[in-house]
Amino acid sequence: MSLSRTLPAQSLPVFRAEAFSCRDGANQGDNLLFASKLMLDDVFELHFEAGTGRLSVLPSTSTTFEIAEDSDLGTPGATLHLDSALTFMSPDGVTQEVLLLVEVDAEGTAQQIYVLPLIAMHPRTEYRLVGIDTETARQKFAQVACVSFTRGTHITLASGEQRRIEDLKVGNRILTRDDGVQEIRWIGETTVRAVGEFAPIKIQAGTLNNAHDLIVSPDHRLFIYQRRDEVGAGRSELLVKARHLVNGYTVTVQQGGFVDYFQLLFDSHQIIYAEGIAAETMLIDTRTKSVLPDDLAASMGEVIPGHSDLPHAGLDVNKALLDRPDAAELLRKASTR
């Protein structure tokens, strides 16, 4: 059963599978294939002219995804299957993980394989296949799909206290924008390499009237109330992805090292206050549910009120409206004038 199109699409930077050719091994001469066709120790190389394109993904059934209307790649409405997680090793001993997504037609025939790198991959480099994982691919995809705050982020409690996210507990009462005081139902924590899709976005103090730096996952959406429509969205309430505000000076990508990510789950999708900025909490759908403990995921069922019927639907800002170096400054002015 297809879910509401008002759910936010996730934009993923992917290669087509034919961008990778097997240079040595059992599948020499072939492109990157499904997990069932691959052999460990095969060596692949990324074509020199290959580049990523944006694959826009919506949740669909409990086991599949759907290509969104605004996707640059694929057929809108087509089904996507998550095939596997692959681990490669480059000559310098560094491992790179990728996720394989397969687009199928109405008859279930594979039309295209997409490669989502979780760390940057480069041409003219030999990548040896050292791991094929069909068991935990969904959990790894969920880590990419989840919106997360980083260690040290101050969250506003119901009392007005500013508490670091790592000091929060399940049951703590948090101030929300739309539903008053709400209790935290679950807190997730992961530590990942701050590279590729896991590299966080830093919003410098003062950029959006925040008292301290706010560092969040790339697709984390911030809530902006415009007193004047500075960006031409046609409405006062906006949800803006952190990655769309990157300008290289006040909003930057923090590449390198490791990052501790925290996810906050409530009984419904909420807007809370992080470093004074209104920001969303974890949204449960088929892209993110696998990150939850099994017992909690099972207790939620397939349809989760407050997560499937979004109170914030339709507030996302088109990326094209923010494709300018002063986008963050315009939003700051719009929220204060």
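Is Cys 22 buried or exposed? Cys 22 is buried, with a relative accessible area of 2%. The views below come from a predicted model.

**View 1. Cysteines without a disulfide.** The structure holds zero disulfides. A disulfide is a covalent bond between the sulfur atoms of two cysteines. Cys 22 is buried at 2% relative accessible area. Cys 146 is buried too, at 4%.

**View 2. Strand 6 and its antiparallel partners.** Strand 6 covers residues 79–89. Two bridges link strand 6 to strand 5, residues 65–67, and the pair runs antiparallel. Here Phe 65 has Leu 80 of strand 6 as its bridge partner. Strand 9, residues 126–133, also runs antiparallel to strand 6, with five bridges between them.

View 3. Strand 7 spans residues 95–104 and runs antiparallel to strand 6. The two are joined by 10 bridges. Leu 82 has Leu 101 of strand 7 as its bridge partner. Five residues lie between the two strands of this hairpin. Gly 93, in the turn, has a positive phi of about 85 degrees.

**View 4. The buried side of helix 3.** Helix 3 runs over residues 327–336. Its buried residues are Ala 327, Ala 328, Leu 330, Leu 331 and Ala 334. They lie on the same side of helix 3 because they cover an arc of only 160 degrees around the axis. These buried residues pack against strand 18 (221–225), strand 19 (237–241) and strand 20 (251–253).

**View 5. The largest nonpolar core.** This core has 34 residues. Leu 264 and Leu 331 touch the most other members. Elements that each supply at least two residues include strand 16 (201–203), strand 17 (214–216), strand 21 (258–265), strand 22 (271–274) and strand 23 (277–280). Helix 3 gives the most, with four residues. A second, separate core holds 25 residues, among them Val 14, Leu 116, Val 144 and Val 192. In soluble globular proteins, nonpolar side chains tend to be buried together.

**View 6. Contacts around Leu 264.** Neighbours within four places in sequence are left aside here.

Key
Residues numbered from 1 in each chain as written. Predicted model: local features only at pLDDT ≥ 70, side-chain atom pairs only at ≥ 80, totals over all residues. Heavy atoms only, no water. Pairing = 2+ DSSP bridges. Buried < 20%, exposed > 50% of the residue type's maximum accessible area, 1.4 Å probe, protein only. Arc of directions from axis to C-beta. Contact = heavy atoms within 4.5 Å. Disulfide = S-S within 2.5 Å. Core = buried A, V, L, I, M, F, W, Y, C linked by side-chain atoms within 4.5 Å.
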